[in-house]
Amino acid sequence: MTGGPLAFQPDVSDAISAGRPVVALESTIIAHGLPRPQNLELARDLESIVREEGAVPATIALMGGKIRIGLDDDQLRTLATANDVAKVSRHDMATVLASGALGATTVAGTMPAAHMAGISIFATGGIGGVHRGAETSFDISADLDELARTPVLVVTAGAKAILDLPKTLEALETRGVPVIGFGTDEFPAFWCRSSGLTVPARLDSVEAVAEAFALHRRLALGSGFIVANPIPEADALDRGMIEDAIARALEHARAGGVGGKDVTPALLKNILETTSGASLRANIALVRNNARLAARIAVAMTRL
Ligand code: PSU
Ligand code: MN
């Protein structure tokens with residue numbers, strides 16, 4: 001592996017060495033989370049949003065045996081249009097790299113890659129968590145253990161409402177992961193602003209978040225840091241409507257015997273269909289909102 005496993009876009013490595021703000025973006029949402037052509041549109045949009053706010057975007061994916069830190073437009077298009085892209089987490093990072101296959105990184109894959117690259121701020125849509133029925137299926141996203149062990153700040157619209165949110169919050173507390181409500185006392189429920197669950201801490205400005213994260217790192221606590229950012233009011237979906245769609249999607253997945261890493265993409269796809277695209281519009285809005293906030297936090301970090 002000449003030059004090591006990481007391959008940087010030049011603007012990203014320049015920004016990292018100069019201490020300028022950089023925001024990591026994941027690629028599972030592009031390859032597995034959203035349909036075409038909205039996936040490529042969003043991937044490009046997120047990069048523009050981060051730049052508008054004065055930071056450099058670094059979308060992370062596995063290509064040709066390298067962990068790419070930052071993608072050019074051709075690479076973004078490849079990721080958004082290729083079939084059979086692997087969904088890569090920490091556990092299969094080395095095997096997918098060795099195979100040279102195309103891999104899209106989840107939160108659990110993007111966090112360690114960002115950390116290796118020297119990037120400490122990352123935006124996703126919504127982290128994975130404890131699935132409903134995990135007491136029998138044991139399906140708990142690797143995102144939670146990654147958040148326990150990798151000191152990267154993750155901006156997320158709470159956690160996906162397809163999950164068991166109370167158990168997800170409990171698991172985060174057990175793992176020592178700070179969960180900060182950004183301008184809210186409630187843990188957001190992805191497509192909805194409210195879950196009825198209280199966050200352990202609330203901060204109302206990017207400067208306050210930047211200071212708290214700087215201290216978290218200075219203490220060398222080792223864990224990640226969640227900034228839970230509610231979907232904008234205007235884009236949020238009706239709670240009852242989305243809960244019905246989730247119930248139907250869970251039933252559909254159970255009947256179809258969906259398991260393992262296919263669960264989350266299958267549920268998102270089914271919900272998109274039964275809500276006639278409303279869930280997709282909300283998903284896009286919340287990811288954009290998270291990329292913007294992540295960039296603002298990254299800029300505030302460099303001003304400290
Ligand atoms: N946010 C979205 N859509 C997604 C994801 C996040 O808006 O598809 C992805 C992230 O990559 C996250 C993954 O890590 O879903 C969770 O998958 P799982 O439940 O299999 O761990
Ligand atoms: Mn799972």
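In this predicted model, the axes of helix 6 (residues 107–117) and helix 8 (residues 142–149) come within 8 Å and cross at roughly 25°, which makes helix 6 roughly parallel to helix 8. Angles under 35 degrees count as roughly parallel, the axes being lines fitted to C-alpha atoms, for helices over the stretch in contact, with angles that run from 0 to 180 degrees between N-to-C directions. Helix 6 contributes Val107, Ala108, Met111 and Pro112 to the contact, and helix 8 contributes Ala142, Asp143, Glu146 and Leu147, where contact means heavy atoms within 4.5 Å. Sorted by class, the contact of helix 6 with helix 8 has 6 nonpolar, no polar and 2 charged residues; Ala, Val, Leu, Ile, Met, Phe, Trp, Tyr, Cys and Pro count as nonpolar, Asp, Glu, Lys and Arg as charged, and the others, Gly among them, as polar.

Residues are numbered from 1 along each chain as its sequence is written, and chains are lettered from A and ligands numbered from 1 in the order in which they are written. Local features need pLDDT of at least 70 and side-chain atom pairs count only at pLDDT 80 or more, while totals for chains, interfaces and linings use all residues, and side-chain values use heavy atoms, with hydrogens and water left out.

The protein chain as a whole has 13 helices and 11 strands, these being DSSP runs numbered from the N terminus, with helices (H or I) of at least four residues and strands (E) of at least two. Its radius of gyration is 18 Å, close to the 19 Å that the globule rule gives for 304 residues, so the protein chain is as compact as a globular protein of that length; the radius is taken over C-alpha atoms, and the rule is 2.2 Å times the number of residues to the power 0.38. The C-alpha trace spans about 50 × 40 × 35 Å along its principal axes. Of the contacts in the protein chain with a separation of 6 or more, 76% are between residues 24 or more positions apart. The accessible surface comes to about 12,600 Å², and 52% of this area belongs to carbon and sulfur atoms, as computed by the Shrake-Rupley method with a 1.4 Å probe, only the protein chains shown counting as cover for residues. Buried residues make up 55% of the 304 residues, with buried meaning under 20% relative accessible area, exposed over 50%, and partly exposed in between (1.4 Å probe, protein chains only).

Several positions illustrate contacts between separate parts of the sequence. Leucine 76, in helix 4 (residues 73–81), counts as buried at 2% relative accessibility. Leaving aside neighbours within four places in sequence, leucine 76 is in contact with Ile30, Leu40, Ala43, Arg44, Glu47, Thr59 and Leu71; the C-alpha atoms of leucine 76 and alanine 43 are separated by 7.1 Å, although these residues are 33 residues apart along the chain. Alanine 300, located in helix 13 (residues 278–303), is likewise buried, with a relative accessible area of 8%. Beyond residues up to four places away in sequence, alanine 300 touches Val206, Glu207 and Ala210, and its C-alpha atom is 8.7 Å from that of glutamate 211, a residue 89 residues apart from it in sequence.

Loop residues were also examined. Asparagine 229, in the loop between strand 11 (225–228) and helix 11, is buried, with a relative accessible area of 6%. Not counting residues up to four places away in sequence, asparagine 229 touches a set of residues including Val155, Gly158, Phe182, Pro188 and Leu293; Leu293 lies 64 residues apart from asparagine 229 along the chain, with a C-alpha separation of 8.2 Å. Lysine 261, by contrast, is partly exposed, with a relative accessible area of 39%, and is placed in the loop between helix 11 (239–255) and helix 12, where, with residues up to four places away again not counted, lysine 261 touches Lys87 and Asp92.

A cis peptide bond, with omega about 0°, joins arginine 36 and proline 37, and proline 37 is in the loop between helix 2 (28–33) and helix 3 (38–52). Phenylalanine 190, in the loop between strand 9 (179–182) and strand 10 (201–203), has a phi near 60°, a positive value in a residue other than glycine, and counts as buried at 1% relative accessibility. Serine 276 also has a positive phi, of about 50°, although it is not a glycine; this residue lies in the loop between helix 12 (263–274) and helix 13 and counts as exposed at 62% relative accessibility.

Conventions: Parallel < 35°, antiparallel > 145°, perpendicular 65-115°, else oblique.
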